[in-house]
Amino acid sequence: MNREVQLRTFPSDDGEFHEFVDAALIAARSSWTALSGNRTTITDARSLVAAVEEKLHTRYPDAAIRIRAELAALDSSEPDLLYVYRDGSLVA
């Protein structure tokens with residue numbers, strides 16, 4: 001099933017990091033679009049995470065991405081949520 005993806009970056013006040021993550025997400029989605037023909041959703045969030053992390057590690061080697069657990073969503077129609085940590089975790 002195709003799902004939308006949103007992201008949250010930490011630290012939230014690092015605008016440069018957020019912009020870099022957003023650009024990496026756009027690039028990964030563009031690559032996915034070329035393969036799947038789907039511009040707004042992805043089939044496999046783990047594949048997206050791997051593509052974004054690969055790009056992030058070129059500038060932020062400790063960056064880590066976590067996918068929100070399905071149980072944390074209020075309902076199944078909510079988009080997948082990616083938490084992106086510049087320093088590998090919320091507490092560095």
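Colleague: Which residues touch the most other members in the largest nonpolar core?
Modeller: L48, V52, L56, I65, L82 and V84, out of 17 residues in that core. A nonpolar core here is a set of buried Ala, Val, Leu, Ile, Met, Phe, Trp, Tyr and Cys residues joined through side-chain atoms within 4.5 Å. Buried means under 20% relative accessible area, exposed over 50%, partly exposed in between (1.4 Å probe, protein chains only).

Colleague: Which elements give two or more residues to it?
Modeller: β1 (5–10), α1 (15–36), α2 (45–56) and β3 (80–85). α1 gives the most, with six residues. Helices (H or I, at least four residues) and strands (E, at least two) are DSSP runs, numbered from the N terminus.

Colleague: And the numbering and confidence rules?
Modeller: Residues count from 1 along each chain as its sequence is written. The model is predicted, so local features need pLDDT of at least 70, side-chain atom pairs count only at pLDDT 80 or more, totals for chains, interfaces and linings use all residues, and side-chain values use heavy atoms, without hydrogens and water.

Colleague: Switching to the sheet. What is the strand order?
Modeller: β1-β3-β2, an open sheet of three strands with mixed pairing. β1 and β2 (64–67) are the edge strands, each pairing on one side only. Strands pair if DSSP finds at least two bridges between them.

Colleague: How many bridges join β1 to β3?
Modeller: Six, and the two strands run parallel. V5 stands opposite D80 in β3.

Colleague: Where is the cis peptide bond?
Modeller: Between F10 and P11, with omega about 5°. P11 sits in the loop between β1 and α1. Most peptide bonds are trans.

Colleague: Is D14 buried or exposed?
Modeller: Buried, at 16% relative accessible area. D14 is also in the loop between β1 and α1.
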